[in-house]
Amino acid sequence: MTGNSMKYADSIQTDKDLILAEAGRCVACGLCLPHCPTYQLTQVEAESPRGRISLISALASGELEASDTLERLLHDCLLCRACENMCPSSVSFSMLMDKGRYLHKCLQKKRSFKEITANKLIDFLFRHPEWLRIAAQITSPINTLYRNKTVKTYESRQTERTALDYLPSIKPHRRWKDEYLVENSRKQVSLFLGCVSRGMDGDTLDDVIYVLNTIGYSVTIPAGQACCGALSLHAGREKESLKMMQKNILAFETTPSSPIVYTASGCGSSLGKYHDYLPDNGLSSRIDEVCQFIYAHWPEDMNVTSRKMKILLHTPCSLENKPANESAPHKMLGKFEKINLHLSSSAYHCCGASGTKMLVDFNTSNALRDPVLNQIKMEQPEIVVTSNLGCALHLAEGLRQAQLDIPVKHPVSLVADIFRENAQD
Ligand code: SF4
Ligand code: SF4
């Protein structure tokens, strides 16, 4: 079996067989260990890719039973995929981990009423993310109140963080139109909105539409889109994730000939893998990361200049470790000669956001973020840019707590700012 051939299986035994076959491709060479952020932090084998493969394999073979400890160990993985990039045997680690978490959930004997109810609510919202946008609008006054009280004491910063600490980043948004047309242009692109993005980061989606229109592309937003499915898949809820994938496949069948652009790099890792789970009607091959798309379709005669700016560019794991082109934001911003672009450099190669990790594992998510925050404090850029919403929220929260007034934006939002400044001149 090759790394990309682990399809959706409709029985636990088939899943176990898939896991054992894929795990069997690991030759335990350990070459991935120095690249794993959690192993770098802990130096514990069970927190390494090789250790995790052994645990998942033991669960599938019946040597290990499902337990709270095993669940915690499996969910300690950030799913950053750095190990995959380094593996000489091309072990499909992320697929293995998703399957492992799903298998563990299936084998878990008891689940609390609270967990079942919470999961049902989360899955409903991910399948109908328009409700997330509406919720963000309704709670907007509370967010504003909280924004003014968000700086905590030094002591409390060391011990806790809740979802409320991310509220100040929410930007409520009205409903998007179905189309944003450019007159006399036949160039067209479809936009994937995402779930958390449309609830918390509507400004970035507006900026993406504005920039795509400015470079001559009409933007279509197919109705009926769901969450990309990544959060549910990584949480071990494969069946729910498949329902979201199916909704997106149906939604984008309405624009069969246009590329599908996504904004949050985390969504791209999931959208690009649909064909590993379902017949996706070509969706996986149509997706394109937005910076890559803009750079590749930049009009030859377009001459836009920026003012001098010092920018720190953070590269999310989801951009660095497949399937997107990690250098795309760098190349796109390289169009502006006066931008002084610094790359963020952390020994851990992960800012610690990692889906819901930033909410549930305070210590690890902070330990991974600290080197990035320290670099920002030292270099004092005008703006920090990053292509993944989770990373942006996590870094912005850290900067707020450090009382540093440095905005965190998507690279395309920076391009939109420059375009608007030029339009005013
Ligand atoms: S996905 Fe990232 S955190 Fe998980 S084992 Fe691989 S390198 Fe480590
Ligand atoms: S690099 Fe690949 S083969 Fe080697 S230990 Fe890691 S997962 Fe296994």
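Guide: Two strands count as paired if DSSP finds at least two bridges between them, where strands (E, at least two residues) and helices (H or I, at least four) are DSSP runs numbered from the N terminus. The model is predicted, and local features need pLDDT of at least 70, side-chain atom pairs count only at pLDDT 80 or more, and totals for chains, interfaces and linings use all residues. Residues are numbered from 1 along each chain as its sequence is written, while chains are lettered from A and ligands numbered from 1 in the order in which they are written.

Visitor: How do you know that strand 6 and strand 7 pair?
Guide: Strand 6 (residues 309–314) and strand 7 share five bridges in the parallel sense, against a requirement of at least two; among the residues involved, L313 has L343 of strand 7 as its bridge partner.

Visitor: What makes strand 7 and strand 9 edge strands?
Guide: The open sheet has four strands in the order 7-6-8-9, with parallel pairing. Strand 7 (339–343) and strand 9 (408–409) each have a single partner strand, so one side of each lacks a neighbour in the sheet. Helix 23 (residues 411–424) packs on this sheet, touching strand 6, strand 8 (383–386) and strand 9, and its direction makes about 125° with that of strand 8.

Visitor: Why is helix 3 called oblique to helix 6?
Guide: The axes of helix 3 (49–61) and helix 6 (residues 93–107) come within 10 Å and cross at roughly 40°. Angles from 0 to 180 degrees are taken between N-to-C directions of lines fitted to C-alpha atoms, for helices over the stretch in contact. Under 35 degrees would be roughly parallel, over 145 roughly antiparallel and 65 to 115 roughly perpendicular, with the rest oblique, and therefore helix 3 is oblique to helix 6.

Visitor: Which residues of helix 3 and helix 6 meet?
Guide: With contact meaning C-beta atoms, placed from the backbone, within 7 Å, P49, R52, I53, I56, L59 and A60 in helix 3 meet F93, L96, M97, G100, L103 and H104 in helix 6. The residues of this contact divide into nine nonpolar, two polar and one charged, where Ala, Val, Leu, Ile, Met, Phe, Trp, Tyr, Cys and Pro are nonpolar, Asp, Glu, Lys and Arg charged, and the others, Gly among them, polar.

Visitor: What makes up the shell around ligand 2?
Guide: A residue is near if its C-beta atom, placed from the backbone, lies within 6 Å, and 15 residues surround ligand 2, with C26, C29, C32, R50 and C87 the closest. They divide into twelve nonpolar, two polar and one charged, and helix 3 gives the largest share, three residues.

Technical notes: Contact = placed C-beta atoms within 7 Å.
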